[in-house]
Each structure stands twice: as C-alpha cells, then as structure tokens.
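Student: Hey, could you walk me through this one? I'm new to reading structures.
Tutor: Happy to, let's look at it together.

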Amino acid sequence: MSEAKAVFESMLGRFDADEADDMEATFQFDLDDADSYHLTIADGECEMGEGEHDDPTVTLSMDLDTLKAVMSGELDGMAAFMQGKIRADGDIMLATKLTQIFPI
C-alpha cells in the first residue's frame, strides 16, 4: 500500500459521521508527489476513491508531507493555507471542517 493511500485509509477510520451532519460533499486531494484521491461523504458515510472525481465540492492541492502534518495535528490547516502549502479550489469553507470531520 502506498504511503498516500495509508493516510486516506487512516482518515476513513477516523470519520466522524456526527460532525459530517447530513453533509454531501466530495473532497478531492491532488497531491504533488503522490497519486490523487478523493473522499466522498453522503448519507453519514465516507468512501475513498483513487484518482480524480468528476465533480468535487472542494479540491485541495498539497504535497504528501503537508497532508500528513495537517491530519496528524502537527500543522494547522488554515496556517498551511495562508503559507501557500495548501491550495484550495471550490467550497473553501468546507475545507476548514476537514479536521473536525476526520478528528485526530
């Protein structure tokens, strides 16, 4: 299993359906140095897909180390965005909920 896939598998295991609160959204992750993945949330469940989604709600672009740091709590996602380590396109406010939906 690739390192990137392991990060997304870990996120699936931490998915908090209560925080998703009837959300229907797709997070697209375009990683600079690894394969792309997307996480689709619907009906209180989260599914992972490899590659690019046809119509993501928000697209987050970063390198794998930044993703790992944000998802482990070592780096604040908003700070990473402000520093240019994360680029976002689409529903940027949704992106701010990432660590609530997938708590550490």
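Tutor: First a term we'll need: helices (at least four residues) and strands (at least two) are DSSP runs, numbered from the N terminus. Also keep in mind that this is a predicted model.

Student: Okay! How many helices and strands does the protein chain have?
Tutor: There are 6 helices and 5 strands in the protein chain. Along the sequence, they come in the pattern α-α-β-β-β-β-α-α-β-α-α.

Student: And how compact is the protein chain?
Tutor: Its radius of gyration is 12 Å, close to the 13 Å that the globule rule gives for 104 residues, so the chain is as compact as a globular protein of that length. The C-alpha atoms fill a box of roughly 30 × 30 × 25 Å along the principal axes.

Student: What share of the residues is buried?
Tutor: Of the 104 residues, 38% count as buried.

Student: Switching topic: where is Asp43?
Tutor: Asp43 sits in the loop between strand E2 (37-42) and strand E3 (45-50). Its phi is near 55 degrees, a positive value in a residue other than glycine.

Student: Is Asp43 buried or exposed?
Tutor: Asp43 has a relative accessible area of 71%, and exposed means over 50%, so Asp43 counts as exposed.

Student: What about Asp22, what is its phi?
Tutor: Phi of Asp22 is near 60 degrees, a positive value in a non-glycine residue. Asp22 lies in the loop between helix H2 (17-20) and strand E1 (25-31), and at 75% relative accessibility it is exposed.

Student: Last one: how many positive and negative side chains are there?
Tutor: The protein chain has 6 positive and 25 negative ones, and the centres of the two sets are 8 Å apart.

Terms used
Residues are numbered from 1 along each chain as its sequence is written. This is a predicted model: local features need pLDDT of at least 70, side-chain atom pairs count only at pLDDT 80 or more; totals for chains, interfaces and linings use all residues. Side-chain values use heavy atoms; hydrogens and water are left out. Buried means under 20% relative accessible area, exposed over 50%, partly exposed in between (1.4 Å probe, protein chains only). The radius of gyration is taken over C-alpha atoms; the globule rule is 2.2 Å times the number of residues to the power 0.38. Lys and Arg count as positive and Asp and Glu as negative; His and the chain ends are not counted. The place of a charge is taken as NZ of Lys, CZ of Arg, CG of Asp or CD of Glu.
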